[in-house]
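Subject: Structure handover

Hello,

Here is the structure for your files. My notes follow below it.

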Amino acid sequence: MHKKFCVKGNPDVLEHVPPHKSLFKIPKNKGLPIGNLTSQFFANVYLNELDQFVKHQLKCRYYLRYVDDFVLVSHEKDQLVAWKSAIEDYVDAHLRLSLKNSLILRRISEGVDFFGYIVRPNYILVRNRVTRQTHPSAGI
């Protein structure tokens, strides 16, 4: 069965939408465009399975996730490497997802770049791009 879509306005404009942000160009049975409020909501619901896996199977004591960004903390680098591998296997097998290539292992003293902030043990820095988005004249 061929599906027909209705578009209000000039349909040629759709050709200029990046493929990763268009419902018309995503593979069958794969997500919604990034930035869409429903995609953020469903990411939190869908990734609850990941939360339960990290908490109950991996027994990671320090874990934080917001939508599709997450942080795990351990004193042992080898533990983090093992958790990363286990998470990659889990999300592939159970959720049909894959981790971003930008995954970084680092010392906590270097800070964690999370949700527009750099979180360090004794203070938090706001990234310049966040202040510019909130207040166009800030940081200039």
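What is the volume of the second largest pocket? About 170 Å³. On a 1 Å grid over the protein atoms alone, a pocket is an open set of points where a 1.4 Å probe fits, with protein on both sides within 12 Å along at least five of seven lines. Grid points are joined across faces, edges and corners, and the volume is the space filled by probe spheres set on the points.

First, the ground rules. This is a predicted model: local features need pLDDT of at least 70, side-chain atom pairs count only at pLDDT 80 or more, and totals for chains, interfaces and linings use all residues. Residues are numbered from 1 along each chain as its sequence is written, and side-chain values use heavy atoms, with hydrogens and water left out.

Confidence
Mean pLDDT (the predictor's confidence in each residue, from 0 to 100) is 78 for the protein, and 74% of its residues reach 70 or more. Helix H2 scores highest, at a mean of 97, and helix H4 (128-134) lowest, at 60. Helices (H or I, at least four residues) and strands (E, at least two) are DSSP runs, numbered from the N terminus. Residues 134-140 stay under 50. For that stretch the model has three contacts (heavy atoms within 4.5 Å) beyond four places in sequence.

Pocket lining
The lining residues (an atom within 4 Å of a point) include Tyr62, Val73, Ile108, Phe114, Val119 and Arg120. Strands E1 (62-66), E2 (69-73) and E3 (112-114) each give two or more residues. E1 has the largest share, three residues. The lining divides into ten nonpolar residues (Ala, Val, Leu, Ile, Met, Phe, Trp, Tyr, Cys and Pro count), no polar and one charged (Asp, Glu, Lys or Arg).

Val119 lies in strand E4 (117-119). Its C-alpha is 8.7 Å from that of Ile108, eleven residues away along the chain. Beyond four places in sequence, Val119 contacts Gly111, Val112 and Ile124.

Beyond four places in sequence, Ile87 touches Leu50, Phe53, Val54, Leu58, Phe70, Leu72 and Leu99.

Regards
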